Amino acid sequence: MKSVQIHFILNGKEVSAAVEPNQRAVDFLRDDLDLTGTKIGCGEGDCGACTILLNGKTTNSCLLLAAQFDGTSVITIEGLGSYGKLDALQQAFIDEGAVQCGFCTPGMLLSAKSLLDENPSPNRLEIMEAISGNLCRCTGYEKIANAIEKAAKK
Amino acid sequence: MPELSVVGKSVIRKDALDKVLGKTRYSADIKMEGMLYAKVLRSTVAHALVKKIDTEKAKKLPGVFAVLTANDVPGLNGHGIIFKDEPVLVIDKIRKIGDGLALVAAQTEEIACQALSLIEIEMEELPGVFNPVEAMQEDAPKVHGDSNILALRKIIRGDVEAAFAKADIIIENDYVTQMQEHAYIEPEAGIAYMEDDVIVIKASTQNTHFDCREIARNLAMPQSRIRMIQAPTGGGFGGKLDISVQIYLSLLTWKTRRPVKLVYSREESVITSSKRHPCIIHYRTAADSTGKLLAVDVNVVADTGAYSSYGPAPITRLAVHAAGPYEVPNVKIYAYTVYTNNPTAGAMRGFGVPQIAFAYEQQMDILAEKTGISPLEVRLRNTLKKGSKTSCGQKLVVENGIENTLLPAFEKIRIQSEHSKVSHKKRGIGMGSLYFGIGNTGQPNPAGAFLDVMEDGSAHLMVGAADIGQGSNTILAQIAAEELGLDFTDIKVTSADTGVTPDGGASSASRQTYISGNAVLKAAHVVKTMLLNELTEWKGLTQAEIVFKNKMVYMNGKETKITVADLIARRRGKGIMTIGHGWYNPTTIPLDEETGQGEPYEVYSFASHVAEVEVDTETGEVTVLRIAAAHDVGQAVNPVQVQGQIEGGTIMGVGYGIYEEIKTLKGNIRTPSFATYLIPTSLDIPKVDPIIVEERANTGPFGAKGLGEPPLVAPAAAIANAVANAIGVRIYSLPVTPEKIVQALAEKETQKIG
Amino acid sequence: MAKDNVAYLCEEGGAFDPPKYIWLFISLLSLSRGPEYRGNLPSFSDVLLLFQQKKLPVPVIEHSLAVAYTAMQFMLWLPVKIRGHMDLSLLVAASLLHDIERLQPNHASKGADFVCSRGYSSLAPLIGSHMDFAFKRGDVLTEAAILYLADKTCKGKQWVKLKERMAESINTYGNILEIQHRFAAAFAVRQAFVKTVDPRMISDETNFLWQIICEEEAYLGEM
């Protein structure tokens with residue numbers, strides 16, 4: 001299998017890499033770049049654990065090919081915040097008790113980020129719609145929505 | 001009761017930071033140099049005799065490091081929570097779709113998959129049995145041995161026949177509940193490697209010490225040479241108690257001496273993991289005309305699938321709770337656990353009680369209808385209370401009955417209920433109450449804790465309890481911090497690592513707060529005694545009331561200048577190590593084989609849910625508008641975490657009530673993905689109002705009881721009752737789907753005309 | 001004054017621990033909020049607010065709670081067939097507010113006017129008749145009758161036998177004939193009530209109250 005060259009912006013930095021034509025974007029991130037914050041929950045685009053932002057829009061990276069990153073701007077959870085410099089959403093998730101097992105958390109945060117970038121003061125229904133592609137089995141979504149509301153007010 | 005400073009506060013949980021940064025390494029995120037990838041060859045038929053497994057071609061494929069079959073299992077080829085009836089790898093008989101036939105470890109996943117396709121299986125298919133009632137017959141195909149009846153739990157008390165003979169009201173109905181899938185978002189995964197002569201396994205699990213014991217038995221190795229570490233786990237809910245990847249990984253790493261990683265796909269996870277027992281329930285209730293319960297006669301057949309997993313335990317718990325949180329002087333409960341060639345049923349949050357609650361709570365509402373009193377009153381009239389005897393003859397040590405939870409939940413819903421604004425949409429309110437025993441039913445289930453307190457006032461807490469997202473690490477640290485006045489953030493918790501921590505038992509049965517909590521308290525107490533002795537030696541005090549709080553020593557309610565760290569340093573300075581250990585096992589009396597009488601639990605929690613639904617009578621669609629969920633937790637160690645458990649469990653219960661069903665056909669799961677097995681999304685949920693009720697348990701750490709499962713027990717029952725209240729017809733099977741409602745309404749119309 | 005603030009009575013650590021029956025009242029009154037209810041009743045919070053606005057003294061509040069509890073128990077003892085025609089929420093609401101104008105002369109009719117002015121006119125007949133109730137043998141038991149009997153059964157927040165209460169009135173006011181005439185209605189209601197009760201509905205906890213209602217010896221009882 002010949003390798004495909006891609007060139008894109010990842011979490012604000014330029015990246016050049018060679019990928020297999022049939023390699024999934026999520027595997028490229030996790031295996032080649034060791035960015036394991038993006039999770040695989042189902043591999044079929046149903047659970048949202050693999051959510052990334054592609055040109056600002058939420059995308060299931062398990063349904064995307066790595067080759068499709070070429071020429072785009074990608075944000076993964078690693079690009080949202082870092083130790084000592086958390087995004088308001090990340091801090092709100094911590095403060096509001098929105099994290100239990102944490103597996104859905106990266107995807108949730110990115111969906112929330114995409115929402116707030118587009119709509120800085122969403123109402124409750126808009127919040128629930130924005131995260132409707134991210135399944136959570138632990139929290140019942142209530143505190144996640146509370147956290148997003150809180151971050152929106154900042 | 002002195003005021004608490006750490007327990008009862010919603011401190012920030014310890015692992016939240018790494019989780020929001022995406023830094024937490026779950027099993028599938030762990031990488032090691034030179035690691036191999038494992039794949040499992042699984043059967044695609046439900047019942048067959050295996051004649052030959054030929055792995056020669058697979059072994060020869062370049063990049064393949066090992067191909068293992070049953071012959072490669074050095075020790076016992078069997079595992080299981082109670083009975084070791086599930087083979088590590090199939091020797092001679094396939095009993096369900098998904099049974100492991102062979103293992104491959106290869107350089108890449110692709111090569112491993114290729115190798116699987118080169119393994120040749122020769123088998124003879126057998127007729128399977130897929131219906132538990134059929135399976136109980138003499139002539140049914142046998143899954144194990146010569147009977148498919150794994151267990152019969154009987155609970156007999158009083159004289160049921162006499163009670164039914166003189167009853168004014170008899171209510172008799174059949175209820176059917178479905179197979180539910182845990183659907184944790186993280187599929188099973190793990191990695192194993194050799195470290196000197198020790199096999200180290202890091203995997204997604206709820207019970208490391210059980211895993212270790214199984215591996216030791218299967219590999220014929222001492223437990224001390226197997227180090228089972230719980231990697232951060234993305235949810236369990238009872239589905240990660242059974243062995244999944246652990247033994248496979250141990251075998252492969254031991255054979256290849258290389259690190260080996262195994263990650264399940266979602267489909268593999270659904271097909272292989274255990275499920276909630278589907279049940280067929282025949283329920284008879286006898287009462288007098290005032291609505292007072294006289295007797296219940298319950299017959300349950302539970303399909304446990306191909307392997308026993310938790311064996312008779314879930315259905316035993318079901319039987320113990322079958323009469324509901326009510327005083328019933330005469331009971332006859334027969335609960336069967338039956339093998340079939342269906343997917344295995346085992347532990348799932350609620351462990352049998354959600355199923356029976358769906359039945360007993362609808363019986364109560366029907367009783368209310370027949371007597372002309374309200375559902376609220378019929379429950380209050382019959383509630384278990386202080387001194388009541390349960391179905392097992394145990395005298396309840398509680399202060400209040402269900403009114404403590406039912407009334408606040410009821411008020412919360414009624415006060416804001418409104419008429420539906422659309423004529424073909426009908427609203428209704430329903431309730432579901434329960435009591436729930438904490439810990440394993442009538443069995444020893446201890447937990448231990450080690451505590452090492454350093455002279456600077458920081459501490460290292462080692463507990464076997466696995467944190468699967470519910471936050472046990474955090475609350476156990478809170479308990480230790482409260483007892484010794486240490487700073488919560490200075491306590492580092494290591495959990496669920498057989499190389500470091502003592503056994504904590506499984507994170508199941510809603511038991512960790514109560515049992516591990518007590519173990520931690522005891523360990524902390526050992527150290528506290530040392531510090532009190534130091535205080536006596538140093539300052540000569542004997543009678544003063546000493547409390548350690550916020551790092552300081554308080555005497556008779558007043559803060560002194562002595563810090564807790566002072567005392568620790570002084571003790572250590574004398575060569576006395578401030579380390580503590582403790583373990584706790586609830587006192588129970590096992591259930592009698594014939595009558596089921598005994599004392600199955602040391603402590604119970606009551607809970608009540610009240611739901612408001614809106615039913616579209618044209619489409620049958622049910623919208624759950626609101627659920628008020630009131631739970632007695634004894635003492636909320638961390639209120640935000642308690643709310644999180646209530647909210648999450650309630651939503652899982654809503655899924656159980658109206659959306660979720662694992663559909664099988666001849667043992668084949670037809671719904672193995674999130675596209676076909678629908679769990680609630682953020683748009684499918686009611687507003688949940690969690691209500692924390694605290695009736696302190698004398699025996700719990702700072703009065704705490706347990707909480708993990710009760711929130712899942714009530715919602716389906718409350719929703720079913722609410723639907724009946726809304727549209728006047730009752731649905732007797734789960735889930736309550738639009739199709740069932742439309743059909744029931746149509747039948748009601750036909751009856752009216754006919 | 002702290003004692004005028006009734007909310008604290010029902011909070012933990014207040015004048016008394018919230019008795020279980022407060023929750024029962026709350027639920028019963030919230031029943032009146034449900035879609036099927038046709039009347040207009042105050043919620044329990046509304047009642048507390050009225051207590052506060054009227055600056056009702058603590059003993060009167062305690063008495064009102066006691067009467068409401070007693071009236072509720074009385075109705076719950078009646079056979080379902082008879083109870084089905086009655087309105088438990090109405091009875092509880094009226095009992096809670098029956099002495100809302102206690103500090104005024106003629107407090108029964110003043111109380112009836114007051115609840116009308118607040119939009120709770122369905123309570124007016126029960127409150128208006130609770131001092132001077134007309135009842136003779138053969139009359140049908142109503143919510144008003146039960147309130148009347150419950151009020152007579154509660155001296156402050158203690159339960160008292162009718163006979164004992166009558167004896168006390170005679171001691172205080174001396175006018176035997178007039179007092180006996182006044183109590184005739186009470187005894188008639190009591191008799192009708194005792195005849196109608198379904199003994200199976202009496203739980204162990206409330207058996208003590210039942211003994212007070214139907215027994216003959218003079219005996220002061222506490223709730």
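Modeller: Happy to. One term before we start: two residues are in contact here when they have heavy atoms within 4.5 Å. Also keep in mind that this is a predicted model.

With that cut-off in hand, let's go to where chain B meets chain A. Chain B puts 52 residues into this contact, and chain A puts in 47 residues. Of the two pairs of chains in contact, A and B share the most contacts. The size of an interface is often given as the accessible area lost when the parts come together. For chains B and A, that buried area is about 3900 Å², and carbon and sulfur atoms give 60% of it. Which residues of chain B lose the most area to chain A? They are B:V20, B:L21 and B:I185, which together account for 18% of what that side buries.

Now for the charges. Side chains of opposite charge can pair when their charged atoms come close. Between chain B and chain A there are seven salt bridges. In one of them, the side chains of B:D29 and A:R30 meet, with N to O at 2.7 Å. Another salt bridge links B:E647 with A:K143, and here the closest N and O atoms are 3.5 Å apart. That pair crosses between chains: B:E647 sits in helix α16 of chain B, while A:K143 sits in helix α5 (residues 142-153) of chain A. If you count salt bridges over all chains, you get 60.

There are polar contacts here too, with 29 residue pairs across the interface of chain B and chain A (both residues at pLDDT 80 or more). On the side of chain B that touches chain A, α1 (16-21) and α16 (639-659) each supply at least two residues. Helix α16 of chain B gives the most to that side, with eight residues. Sorted by class, the side has 24 nonpolar, 15 polar and 13 charged residues.

Polar contacts between chains B and C come to three residue pairs (both at pLDDT 80 or more).

Let's step inside chain B for a moment. Two packed helices are described by the angle between their axes and the distance between the axes. Take α10 (residues 353-371) and α18 (residues 715-727) of chain B: they pack at an angle of about 35°, with their axes 8 Å apart. Helix α10 of chain B passes α18 of chain B in a right-handed crossing. On the α10 side, the contact is made by B:A357, B:F358, B:E361, B:Q362 and B:D365, and on the α18 side by B:A716, B:A717, B:A720 and B:N721. Those contact residues divide into five nonpolar, two polar and two charged.

Most residues other than glycine have a negative phi, and most peptide bonds are trans. Between B:L734 and B:P735, though, the peptide bond is cis, with omega about -5°. You can find B:P735 in the loop between α18 and α19 (738-753) of chain B. The other spot is B:A496, which has a positive phi, near 50°, in a residue other than glycine. Look for B:A496 in the loop between β19 (491-495) and α14 (512-539) of chain B.

Conventions
Residues numbered from 1 in each chain as written. Chains lettered and ligands numbered in written order. Predicted model: local features only at pLDDT ≥ 70, side-chain atom pairs only at ≥ 80, totals over all residues. Heavy atoms only, no water. Axes fitted to C-alpha atoms, helices over the stretch in contact; angles between N-to-C directions. Helix = DSSP H or I, 4+ residues; strand = E, 2+ residues; numbered from the N terminus. Left-handed = near helix turned anticlockwise from the far one by under 90°. Nonpolar A, V, L, I, M, F, W, Y, C, P; charged D, E, K, R; others polar. Buried area = accessible area lost by both parts, 1.4 Å probe. Salt bridge = Lys/Arg side-chain N within 4 Å of Asp/Glu carboxyl O. Polar contact = N/O pair within 3.5 Å; in protein donor to acceptor, adjacent residues only side chain to side chain.
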